[in-house]
Amino acid sequence: MKPIQVGLLGIGTVGSGVFNVLQRNQDEISRRAGRGIQITMVADLDVERAKAVVGADIQVVNDARAIIANPDIDIVIELIGGYGIARALVLEAIAAGKHVVTANKALLAVHGTEIFAAASAKGVMVAFEAAVAGGIPIIKALREGLTANRIQWIAGIINGTTNFILSEMRSKGLDFDVVLKEAQRLGYAEADPTFDIEGVDAAHKVTLMSAIAFGIPVQFDKAYVEGITKLGAADIKYAEQLGYRIKLLGITKRADKGIELRVHPSLVPSKRLIANVEGAMNAVVVQGDAVGTTLYYGKGAGSEPTASAVIADLVDIARLHTADPEHRVPHLAFQANTLTDAMDTLPVLPMSEVVTSYYLRLRVADQAGVLAKVTGLLAEAGISIDAVLQREADEVGGEGSTQTDLIILTHDTREGTMDAVIAQMQALPTVLAAITRIRKEELN
Ligand code: HSE
């Protein structure tokens, strides 16, 4: 059979990886796909650099639309990134009847509903294994491998930059700003790391996993997003003393009233495997009713790990593109006509309705009755305490007045209830600074 023809939009780090791995492993890949897979056109604004990567035999253009207009191209790989031009080009490629492979989590998390609808109408595939956790085949696992299960929850370390920063903060006792600068120097963090450190990148990824796990449309606008910029080295140290590590988790969970969808720093028991995922590595835990707990671990970024995922999508498309579209795996795992109805039965819950447990750190005056007042407020709200840690007092005020850190771990409660109690605690005259609240996930 004639090789399937691929056009590549953007040949940076990931695009070069796709080109190199396809070349290196072409025999094995075509034995698996049942036909050859050939990149025959590349579009990049830097034509000379692109030519240096792909050589003279492949047509390099600076206009992505020349690829979309080429009737010989079967699959377009979008590796431009962002919501702007990438959205227009993906929609144009779909309109031209091309299958699309993309690593663009931002695009799909925000515009997925529009893009998947356009693809369904046109009978083409939009594949995005590389968009979540890079080289880890988590989309394949959720959409296909775990298809028998009612998924209960997913928790993932799905941003390598922030996991690297948190690992360094913990192992070296350094503050966030210092480690961020080091991560930028080493090339782990982008010059503008906002999407990573503010949790937005992880929220894009967990939004996609949530849709696939629960059969709901992608709803990034309803995700709760909190990054790691306010985390202090002291909290990482206290958490460790209590038997926990702090990780930036993307969490989506089936609750009684709907779906939790959130990204925030979380205390995770140190004994859990996922708590020991360090450096820039990614890991995702999925809990299904039939399978129990499963864990997926690997590189979430980088040239060839991400290329591994992109090429897996190319092979899927090479195998399935002649199949009747109704018999392919649906874009979001569930049949498209069932997604919108599920928005009513499985709404994404506001953060106030989320149920979890908490780490609280209060800077308090070291006086009689302070602990009793604070714990009294928790008791009145029906929040049960799991552990309390009080540090030795520091002498900071005049005339021997002292302050101390009071750390409280709670059992599960509603976030809205905890918000009200924190406001009451904050109003106590003996609470001397803004209260730190970090959510805690036992993951059992
Ligand atoms: N910037 C991401 C990370 C990789 O740090 O994991 C691409 O999503």
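This short talk walks through a ligand site, a helix, an aromatic pair and a few single residues in one predicted model.

First, the ground rules. The model is predicted, so local features need pLDDT of at least 70 and side-chain atom pairs count only at pLDDT 80 or more, while totals for chains, interfaces and linings use all residues. Residues are numbered from 1 along each chain as its sequence is written, and side-chain values use heavy atoms, with hydrogens and water left out.

Let's start at the ligand. Which residues are around the ligand? They are K105, N159, G160, T161, D196, D201, K205 and A301. To be listed there, a residue needs a heavy atom within 4 Å of the molecule.

Now the polar atoms. T161 has a polar side-chain atom 2.5 Å from an oxygen atom of the ligand. In the side chain of D196, an N or O atom lies 3.0 Å from a nitrogen atom of the ligand. In the side chain of K205, an N or O atom lies 2.8 Å from an oxygen atom of the ligand. The ligand taken alone exposes 260 Å², and the protein buries 82% of that. Those areas come from the Shrake-Rupley method with a 1.4 Å probe; for residues, only the protein chains shown count as cover.

Stay with K205. It sits in helix α11, residues 200–214. A quick word on naming: helices (H or I, at least four residues) and strands (E, at least two) are DSSP runs, numbered from the N terminus. K205 is buried, with a relative accessible area of 6%. Buried means under 20% relative accessible area, exposed means over 50%, and partly exposed is in between, with a 1.4 Å probe and protein chains only.

The side chain of K205 also makes a polar contact with the side chain of D201, at 2.6 Å. A polar contact is a pair of N or O atoms within 3.5 Å; within protein, one must be able to donate a hydrogen and the other to accept it, and residues adjacent in sequence count only if both atoms are side-chain atoms. Not counting residues up to four places away in sequence, K205 touches K105, A131, V132, A133, I158 and N159. Contact here means heavy atoms within 4.5 Å.

That list brings us to A133. Where is A133 found? In the loop between β6 and α7. A133 is buried, at a relative accessible area of 0%. Its phi is positive, about 60°, although it is not a glycine. Most residues other than glycine have a negative phi.

F128 is in that loop too. The structure holds one aromatic pair. F116 and F128 form it, and the pair is tilted: 5.7 Å centre to centre, 45° between the planes. The cut-offs: rings of Phe, Tyr and Trp (its six-membered ring) pair if their centres lie within 6.5 Å; planes under 30 degrees apart count as stacked, over 60 as edge-to-face and the rest as tilted. F116 lies in helix α6 and F128 in the loop between β6 and α7, so the pair ties together parts that are 12 residues apart in sequence. Are these two buried or exposed? Both F116 and F128 are buried.

Next, helix α5, residues 85–95. Its buried residues include A86, L89, V90, L91, A93 and I94. What do the buried residues of α5 pack against? β1, α4, β4, β5, α6 and β6. Beyond four places in sequence, E92 touches R65 and I68. Just after α5, G97 takes a positive phi of about 85°.

Now two strand residues. K440 is in β18, residues 436–440. K440 counts as buried, at 3% relative accessibility. Its side chain joins that of E442 through a polar contact of 2.7 Å.

T404 is in β16, residues 402–410. T404 is buried too, at 1% relative accessible area. The side chain of T404 reaches the backbone oxygen of R391 at 2.6 Å.

Last stop: L443, in the segment after β18. L443 has a positive phi of about 55° although it is not a glycine. At 16% relative accessibility, L443 counts as buried.
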